[in-house]
Amino acid sequence: MSSIVVVDDDSDIRGLLEFKLSAAGHQVTAEADGEAGLAAIMDVRPDVVVLDWMMPRMSGIEVCLELRKDPSMADIPVLFLTAKAQESDVQRGFAAGGNDYVIKPFSPRELSSRIDALLARTPR
Amino acid sequence: MSTGAILLIAATLNLALIIGLSLTTALLKARRERRARRHEQELALLRPVMMRYLATWEDGDAHDLADMLIGYHGVTTSFEELVAGLLPKLRGADRSMLVDILRRRGTIDQARQGTGSRWAVRRYRAVELLGAAGVSEGIPDAAALLGDRNTDVRLAAVRALGRIGTVEAAAALLEHLDSDEGRKHPIPPHPVTMALLRIGTDATDPLTRALEAGQVEVRTIATEVLGVLGVYPAVAGLQARMRLDPSASVRLGATHALGRLSMPSSAGDLTAMLRTEEDVEVLAAACAALGRIIDPSTIPDLEHAVAHPHPTVRVAAAMALVPFGATGLDRLREIAQRDAEGGDAAREVLARNSIATDTTPLISL
């Protein structure tokens, strides 16, 4: 069982991912804004983080940059789940330290597979 | 009856009226609040069931949940509200499965009927749902609303056709715009362009046909969208529009499109335009298109355009010489030495690109 923190201000997406990833056997913590998400990540030290980009109080990019600054958090895989679909956005997501990038609207099944792939290539 | 008695009766009636109105308002407010609370409770019950089903629908055990969702008929429209909120966020099999549930609940049929409602708000909601669900059987219903008397409904129908997609949706949009009905109830071009772009290359055939449309706006939209979508087989049609169309906005759209497509076969038509066209914007667009095609045989025509009387054309022609590399820059430097005939435009473009205006080689070996 892996622990996953989902940070997204959309309650439908949070709810859906909580159910989907829990059904796949993961332990999920969901938060609705960047600041609360960062606090949850510090607290849980999850195996994977799913981050929205545009959120109140702190954007996903800022959360990711904060994580990469902290040596104890720098290796946590981050998957961006966002509506920002331009080529330059994807580039910025990876440049900020993201490990994968999924564009909304999304397929929950595909997202679950991408998370499994991230977990499989992360040494634990 | 004395005046005092009359006044007393009037005051009593007034008071009774005020009390009556206050009571009615309070009752209505209480009923509205009760209904909103019940709606929230329904949503709170339904949301986890829906989420659980979305998370587990591939399992055989999820059948019961599906039956429950299909058979659920609350007093309000919580289910449809929930699904309408989820549909734009999902794609792939999960989205198709939600649409399937809507279909089996009869929601799609109801929405199709709703497009014929006498109430504009119902027609609006119905066509929005058909668009969100992206169901092709909704195309004729959405198309019928393109001529609706209500502007918001017409715009919702345009968006819905864009979301549903397919060649039929694109054809319906363009044919309506070019019809008498379309002239009577006009639709702004921007939402139509966005809808056609969303439909994508499926719209190619109707767009190519629309190059010959009667309405200037339709021909303009067709040229612009064909260029953005990169429809190379449309080059001949676009060249014809650029050469022959009586409307400057169509010629401009066609020139933009040919620039985007950057086919070398367009160079001849574009240079011919530089000699005959009178519209400044079209001329500037033709220069920009030649700067994308980068055919060396067009350099003399661009040099000539740098000396055009209008500054917009002069600068566009000078900018078009930059992508030609050393040859283009040498020509620009030569022009920059002049006091008139485009010297100002050449100097501006060289400065904008931080390029020295003298002819000294940039790198000395």
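UniProt positions are given here in the numbering used for this structure, and such annotations may be inferred rather than shown by experiment. With that in mind, welcome to this predicted model.

**A helical stretch in chain B**

Let us start with a feature from the record. UniProt, in an unreviewed entry, places a "transmembrane region" at residues 6–28 of chain B. What are the helix and strand contents over residues 6–28 of chain B? That stretch is 100% helix and 0% strand, and its end C-alpha atoms lie 33 Å apart.

**The annotated domain of chain A**

An unreviewed UniProt entry also lists "domain: Response regulatory" for residues 3–119 of chain A. Here the chain is 47% helix and 20% strand, with the end C-alpha atoms 10 Å apart.

The unreviewed UniProt entry puts the feature "modified residue: 4-aspartylphosphate" at A:Asp52. A:Asp52 sits in the loop between β3 and α3 of chain A. Is A:Asp52 buried or exposed? A:Asp52 counts as buried, because its relative accessibility is 3% and the cut-off for buried is under 20%. Leaving out residues up to four places away in sequence, A:Asp52 touches A:Val7, A:Asp8, A:Asp9, A:Gly60, A:Leu81, A:Thr82 and A:Lys104.

A:Leu51 belongs to strand β3, residues 48–51 of chain A. A:Leu51 is buried, with a relative accessible area of 0%. Apart from neighbours within four places in sequence, its contacts include A:Val7, A:Gly60, A:Val63, A:Cys64 and A:Leu79.

A:Asp70 is found in the loop between α3 (60–69) and β4 (78–82) of chain A.

| Pair | Apart in sequence | C-alpha to C-alpha |
|---|---|---|
| A:Leu51 and A:Asp33 | 18 residues | 9.7 Å |
| A:Asp70 and A:Met42 | 28 residues | 9.9 Å |

**Nonpolar cores**

In soluble globular proteins, nonpolar side chains tend to be buried together. In this model, the largest nonpolar core has 75 residues. Those with the most contacts inside that core are B:Leu173, B:Leu196, B:Leu207, B:Leu238, B:Cys287, B:Leu302 and B:Leu332. Which helix supplies the largest share of this core? Helix α17 of chain B, residues 280–293, contributes nine residues, the largest share.

Not counting residues up to four places away in sequence, B:Leu196 touches B:Ala170, B:Leu173, B:Leu174, B:Ala203, B:Leu207, B:Ile221 and B:Val225. Another core, of 49 residues, lies apart from the largest one; among its members are A:Leu79, B:Phe79, B:Met97 and B:Ile108.

B:Thr204 is in helix α12, residues 204–210 of chain B. B:Thr204 is buried, with a relative accessible area of 17%. B:Thr204 touches B:Leu226 and B:Val231, with residues up to four places away in sequence not counted.

**A pocket lined by both chains**

Finally, have a look at the second largest pocket, which has a volume of about 230 Å³. Its lining includes A:Pro105 from chain A, along with B:Ala84, B:Leu87, B:Arg91, B:Gly131, B:Arg163 and B:Arg198 from chain B. How do the lining residues of the second largest pocket divide? They comprise six nonpolar, two polar and four charged residues.

Note on methods: Residues are numbered from 1 along each chain as its sequence is written. Chains are lettered from A and ligands numbered from 1 in the order in which they are written. This is a predicted model: local features need pLDDT of at least 70, side-chain atom pairs count only at pLDDT 80 or more; totals for chains, interfaces and linings use all residues. Side-chain values use heavy atoms; hydrogens and water are left out. A nonpolar core is a set of buried Ala, Val, Leu, Ile, Met, Phe, Trp, Tyr and Cys residues joined through side-chain atoms within 4.5 Å. Buried means under 20% relative accessible area, exposed over 50%, partly exposed in between (1.4 Å probe, protein chains only). Helices (H or I, at least four residues) and strands (E, at least two) are DSSP runs, numbered from the N terminus. Contact means heavy atoms within 4.5 Å. On a 1 Å grid over the protein atoms alone, a cavity is a set of points where a 1.4 Å probe fits but cannot get out, and a pocket is an open set with protein on both sides within 12 Å along at least five of seven lines; lining residues have an atom within 4 Å of a point. Grid points are joined across faces, edges and corners, and a volume is the space filled by probe spheres set on the points. Ala, Val, Leu, Ile, Met, Phe, Trp, Tyr, Cys and Pro count as nonpolar, Asp, Glu, Lys and Arg as charged, and the others, Gly among them, as polar.
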